[in-house]
Amino acid sequence: MPNLVLAIDGPSGSGKSSTAKAIALRANWSYLDTGALYRAVTYLALENKIESEDEIIRSLESNAIVFDTNPADPKIFVNEKDVSSEIRLQRINDFVSNVSAMPTVRKVLLELQRKYIADAPIGIVVEGRDIGTVVAPHAQLKIYLHADIDERAQRRENEMIENIDRSEIGKSLASRDEIDSTRAVSPLTQAEDAAVIDSTRLSLQEVVDQVWKWLKQRNLLGLPTIAVIGRPNVGKSTLVNRMIGRREAIVEDTPGVTRDRVKYEAEWNGRRFFLIDTGGWEVKPEGISEKITAGAEAAIREADLVMFVVDVQVGALDEDQSLVDLLRKSGKKVILVANKIDNAEDEADGYALWNLGLGEPRFVSALHGRGSGDLLDLLIAQLPEVGTAQVDDGYRRVALVGRPNVGKSSLLNVLAGSPRVLVDDAEGTTRDAVDELIDFGGSTWRFIDTAGIRRRAHQASGTDYYASLRTAIALDRAEVALVIFDASQILTEQDIRIVSMADEAGKALVIVMNKWDLVDEERQLVLDREIERQLERYPWAQRVNLSAKTGWHRDRLAPALRTALTNWEKRIPTAKLNAFLGELVAANPPPVRGGKQPKIKFATQAGTCPPKFVVFANGFLESAYRRFIERRLREVFGFDGTPIEVAVKLKERDDA
């Protein structure tokens, strides 16, 4: 499920709709009342005076039911007629449970509900009877909301536009509860992993606050985003490092070091937010600068708040005024930051920035930290409670690694279906590790595009050194490494070293032979020999041949990733493992060493991610025999795409 989903289930009158709308408004998410859909179908059946399931289905095929998911004013339409009020009449209440119990009706509306969930731009709050169990069983948070029958009858009486006795409403609710809970298809039940709230003695605000607390604890609320914008070399990356409290953004005296827009998570006084470090913005960019400038402008569109950084030592230039015009057109809230004010004397130059017309300049020294705390306090006060930036919520993490210019960023853009990261023919265009959530192959993945790993990076420039260092960190964060090769070029020692790095890090592994559109039959034969010779240690690695440029065979990537991750997490039961080992040793006992036969007692799987096995023996086992055990483990249990570790632990010799 690509979107964030809050599922709220419970009986009628428990407060689901009010709670769901309040949460959706606060989080700026969509809202779906699935009960309104069933009420609309009931309205349609009563209007057309039909009762049978087949007739209702035919009526649905020729009539349109549309729900407006805006939580500020949710409405439901039948053939463009607003029936939001009419579906709350008692005549609808009396028949809606009967219609809801029809299996074919539920099947049709289930598809419609899932479409609304899939189309939600950020997240959606869905409420009904079977959301957590049937409609959205993979929802990130499930709530079961209930209250006693008297309280629910009173609430329903307050909502009714007709004057009906409360006791009658109570009887109607009890009847609906019975039908909803006992129907054969999708009955009202509490999901096993649902959080339960009894709202009988709670106010609406108390219920909303409790749900909001759970959303925050599980990191399901989008974080606000601050874009750091300015001309090249004004100290944006230095300021970002100061604010996140660690040296991640590349910093050099050379202008134009930062190229991609890179997102970092930061925290100040308990508030978490994202900072987007951008490349320097230029009025008339040329070549690669044109793409860098476009990336900076995209960051402005993405941000909830913009931090415009100016170098006070240089002062405001004509380019800064052009950027001010762009910021005004964007309509975003802007904080003007006067950087490189290292002492009180420099502040006089900073006051000149009032002329930009962006309000009071905030004085900081990104290098020395002067004024950074006050700036962070101001930013936190200006940020919205919830932003649009998604956080890491359990998506599988994939690191794209390889030599420079093998097509890592191109592959990322092809999978995303849009230019997420900068691509240029110049070698080493990517310098930062860039995280992107991408939907492909039926799942959402967190891809980490990294800079190309160069030979002897410790001897290279500072830029390449830090890029290589962060690539190693990205590999450590990932679950599966996607090692990209240029299939049109001869495999190098560096290619093999990168595969070795992923193997030593214990990550699941998929090898991608990119640029397959440039490979002819002769090159294919040569490549097969190269792989057989140079990658002989990794016969278990999943391999995919594709072309990032044309998209050829990209559909094979998701299955390979899933296979590698499944095997990476695989656990073999101890009894099954020892039965396997007993047969293996009986057929192929360990080689005699020093005139004595080592005896294998038993084995256990000590861990997963990657799978780790410990074999207990009373004597040393040759490395060749350990490799034999590993090979047979792969043949019998299938560990394609993951390294496995087989360790031997010596126990005292049993001579009995």
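## First stop: a helix end

Begin by selecting Ser 100, which lies in helix α4 (residues 90-100); helices here are DSSP runs of H or I with at least four residues, strands are runs of E with at least two, and both are numbered from the N terminus. The model is a predicted one, in which local features need pLDDT of at least 70 and side-chain atom pairs count only at pLDDT 80 or more, while totals for chains, interfaces and linings use all residues. Residues are numbered from 1 along each chain as its sequence is written, and side-chain values use heavy atoms, with hydrogens and water left out.

Ser 100 has 6% relative accessibility and therefore counts as buried, a term that means under 20% relative accessible area, with exposed meaning over 50% and partly exposed in between (1.4 Å probe, protein chains only). If neighbours within four places in sequence are left aside, Ser 100 is in contact with Tyr 38, Arg 106 and Arg 183, where contact means heavy atoms within 4.5 Å.

## Second stop: the annotated positions

Next select Gly 10, Pro 11, Ser 12, Gly 13, Ser 14, Gly 15, Lys 16, Ser 17 and Ser 18, which UniProt lists for "binding site" in an unreviewed entry. UniProt positions are given in the numbering used here, feature names are shortened, and annotations may be inferred rather than shown by experiment.

Within this selection, look at Ser 12, which is placed in the loop between β1 (4-9) and α1 (16-27). Ser 12 counts as buried because its relative accessibility is 3%, and, not counting residues up to four places away in sequence, Ser 12 touches Arg 129, Arg 152, Arg 156, Leu 173, Arg 176 and Asp 177.

Then move to Ser 17, which is found in helix α1. Is Ser 17 buried or partly exposed? Ser 17 has 26% relative accessibility and so counts as partly exposed; leaving aside neighbours within four places in sequence, Ser 17 is in contact with Tyr 31, Asp 33 and Glu 127.

Now display the 6 strands that form an open sheet with mixed pairing, in the order β10-β11-β9-β12-β13-β14; two strands pair if DSSP finds at least two bridges between them. The edge strands, each of which pairs on one side only, are β10 (262-268) and β14 (362-363).

Start from β11, which is mostly covered, with 5 of its 7 residues buried. On one pairing, β10 and β11 are antiparallel over 7 bridges, with Lys 263 opposite Ile 276 in β11, and the hairpin of these two strands has 2 residues between them, where Asn 269 takes a positive phi near 50°. On another, β9 and β11 run parallel and are joined by 4 bridges, with Ile 226 opposite Leu 275 in β11.

Continue to β12 (residues 305-311) and β13 (residues 333-339), which run parallel and are joined by 7 bridges, and find Met 307 opposite Ile 335 in β13.

Return to Lys 263, which lies over the face of Phe 274 at 5.3 Å from the ring centre, and then select Arg 26, which lies over the face of Trp 212 at 4.2 Å from the ring centre. A charge sits over a ring if NZ of Lys or CZ of Arg is within 6 Å of the ring centre and within 35 degrees of the ring normal.

## Last stop: aromatic pairs

Rings of Phe, Tyr and Trp (its six-membered ring) pair if their centres lie within 6.5 Å, and planes under 30 degrees apart count as stacked, over 60 as edge-to-face and the rest as tilted. By this rule the count is 9 aromatic pairs. Select Phe 440 and Phe 447, whose ring centres are 5.7 Å apart and whose planes stand at 45°, so the pair is tilted.

Phe 440 counts as buried at 10% relative accessibility, and Phe 447 counts as buried at 0%. Finish with Phe 613 and Phe 639, an edge-to-face pair at 5.9 Å centre to centre with 75° between the planes.
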